[in-house]
Amino acid sequence: MSSIDRSQSVGGTRTYEVRTYGCQMNVHDSERLAGLLEDAGYVRAPEGADAADVVVFNTCAVRENADNKLYGNLGHLAPKKAARPGMQIAVGGCLAQKDRDTIVKKAPWVDVVFGTHNIGKLPVLLERARVQEEAQVEIAESLEAFPSTLPTRRESAYAAWVSISVGCNNTCTFCIVPALRGKEKDRRPGDILAEIEALVAEGVSEITLLGQNVNAYGSDIGDREAFSKLLRACGKIEGLERVRFTSPHPRDFTDDVIAAMAETPNVMPQLHMPLQSGSDTVLKAMRRSYRQERYLGIIEKVRAAIPHAAISTDIIVGFPGETDEDFEQTLHVVREARFAQAFTFQYSKRPGTPAAEMDGQIPKKVVQERYERLVALQEEISWEENKKQVGRTLELMVAEGEGRKDDSTHRLSGRAPDNRLVHFTKPDQEVRPGDVVTVEITYAAPHHLLAEGAVLDVRRTRAGDAWEKRNAEKAGKPAQPAGVLLGLPKIGVPEPLPAATSGCGCD
């Protein structure tokens, strides 16, 4: 292992690739892993390269088949590693935290296994594995450093994740995240705001506050209104145009947060509020500390304070013991709440969770039938809600890589303040990702809007300048970043590049 195959290296420097699975917290961590590796002298592998010198898997343990997916990918790399002396493979994230030594036993060609609490150790562990010529497994039981304090290589020049807390204090019976991420630990407000101000100084104009249970922020520091105060403080940062957050929990969603959203101009009229089930019986079995009435009450208050808010959710179909009547209660909430979008999941056993051992596991055929009914209902509602946008004039932040047909349709894509995806006619003047355009909506589909007329206004921004500067700096470099996919699947068939609006589906 001491020799290095330079054939896939760039300019004699070792290359790396980070493969990310799971929620936004994993995406956030992957940006830090990339930053750590580049700080240690590695460079991003060229797009389309057969294999990098170092391949890092940042894993998720939420789905039942997460380990099968990982070991399948590791098996695919085994012959490549055997043919490339010096190549290294590292596995981190939630599955690594859970399985620990099992990974090396099942895939002995893996060089490094690290957990969710010690991602900052990756470069050291890689070097130690290279020198000692044996696998390094290091799993910390508690957080060593907030990921946000580590070097980062952000995927976007104009939008950024900002972690405000890690871990979760909930005990939902279907979720393994608290066991892997630990108890909630909050960052100091001053540190968060300092990071945001630094990002804005670099040209970032949109930030997303991130936490496993983001609106529980303050429980660790003893201030129940800390999250609403943080939102209001973000409103005072000059140059910060858009503030979003994910994912909240209905239990902790208080009136002061709704007021802060409504009264802070740069907090966007968008809310992702996980439902999981509309049945009080199922919610109790899930150990969700709210019931249908409480949930719909939150939605009603948000709509009263922010009439144009787009509300999305997570729903699990087929939780153990779910009856037809329970499922009908979920459909009832969907009809009442009229979500702009729903991330729907068929219940999947999470090994190590109480729900995996519950009686009343639902047959796959029944779950599939319910799932299809839910998807059909939500598709209908999404389309109806999107049709209400036709005729509205909206400001869009131009996005990069979100319109897969943009080249063939001669359009560009952007996000409205409520995070709806809008494809618009390409104007004659140059428009860059991060710039802001004003358009009139002319057509609605279930999952996107069209603005087919001429762009009404183009506003060049510091965020667009930052994007342009980044691309100019990349020009001529052999390593072109492939980008980490941000977000979760939309309703029904998974999409590779939707807006990132939810966590693990377990909030």
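**Notebook: strands, sheets and helix contacts**

I began with a pairing in β14, where Ala342 is the bridge partner of Thr313. I note that the model is predicted, that local features need pLDDT of at least 70 and side-chain atom pairs pLDDT 80 or more, and that totals for chains, interfaces and linings use all residues. Residues are numbered from 1 along each chain as its sequence is written, and side-chain values use heavy atoms, with hydrogens and water left out.

**Terms**

I took helices (H or I, at least four residues) and strands (E, at least two) as DSSP runs numbered from the N terminus. I counted two strands as paired if DSSP finds at least two bridges between them.

**Whole protein**

I looked up the overall content and found 15 helices and 21 strands. Of the 507 residues, 57% count as buried; buried means under 20% relative accessible area, exposed over 50%, and partly exposed in between, with a 1.4 Å probe and protein chains only. The protein exposes about 20,700 Å², of which carbon and sulfur atoms supply 50%. Accessible areas come from the Shrake-Rupley method with a 1.4 Å probe, and for residues only the protein chains shown count as cover. I also looked at contacts (heavy atoms within 4.5 Å). Among contacts between residues at least 6 apart in sequence, 75% join residues at least 24 apart.

**Strand β13**

I asked how many of the residues of β13 are buried. Strand β13 spans residues 310-317, and eight of its eight residues are buried. Ala310, Ser312, Asp314 and Ile316 point one way, while Ile311, Thr313, Ile315 and Val317 point the other way. In general, side chains in a regular strand alternate between the two faces of the sheet.

I then traced the neighbours of β13. Strand β12 (residues 270-272) runs parallel to β13 and is joined to it by three bridges, with Gln270 opposite Ala310. Strand β14 (residues 341-346) also runs parallel to β13, and six bridges join the two.

Two packed helices are described by the angle between their axes and the distance between the axes. Axes are lines fitted to C-alpha atoms, for helices over the stretch in contact, and angles run from 0 to 180 degrees between N-to-C directions. Angles under 35 degrees count as roughly parallel, over 145 as roughly antiparallel, 65 to 115 as roughly perpendicular and the rest as oblique.

I found that the axes of α11 (residues 292-305) and α12 (residues 324-337) come within 11 Å and cross at roughly 10 degrees; the two helices are therefore roughly parallel. On the α11 side the contact involves Gln292, Tyr295, Leu296, Ile299 and Arg303, and on the α12 side Gln329, His332, Val333, Glu336 and Ala337. These residues divide into five nonpolar, three polar and two charged. By class, Ala, Val, Leu, Ile, Met, Phe, Trp, Tyr, Cys and Pro are nonpolar, Asp, Glu, Lys and Arg are charged, and the others, Gly among them, are polar.

The axes of α12 and α13 (residues 364-387) come within 10 Å and cross at roughly 10 degrees, so these helices are also roughly parallel to each other. Here α12 contributes Asp324, Phe327, Glu328, Leu331, Val334 and Arg335, which meet Arg370, Arg373, Leu374, Leu377, Gln378 and Ile381 of α13. The contact of α12 with α13 has six nonpolar, one polar and five charged residues.

I recorded an open sheet of six strands with parallel pairing, in the order β2-β1-β3-β4-β5-β6. Why does one side of β2 and of β6 (136-138) lack a neighbour in the sheet? Both stand at the edges with a single partner strand each, so one side is left without a neighbour. Inside this sheet, five bridges join β1 (residues 15-20) to β3 (residues 54-59), and Thr20 has Asn58 of β3 as its bridge partner.

Helix α1 lies across β1, β2, β3 and β5 (112-114), at about 170 degrees to β1. Ala40 is in the loop between α1 (24-39) and β2 (43-44). Is Ala40 buried or partly exposed? Ala40 is partly exposed, with a relative accessible area of 45%. Its C-alpha atom is separated by 9.2 Å from that of Val124, 84 residues apart along the chain.

I found a second open sheet, with order β7-β10-β11 and parallel pairing. Its edge strands, β7 (159-163) and β11, each pair on one side only. The twist averages 25 degrees from one strand to the next. Five bridges join β7 to β10, where Ala160 stands opposite Ile207.

In α8 (residues 226-234), Ala226, Phe227, Ser228, Leu230, Leu231 and Cys234 are buried. Their cover includes α7 (189-201), β10 (206-210), β11 (242-246) and α9 (255-263).
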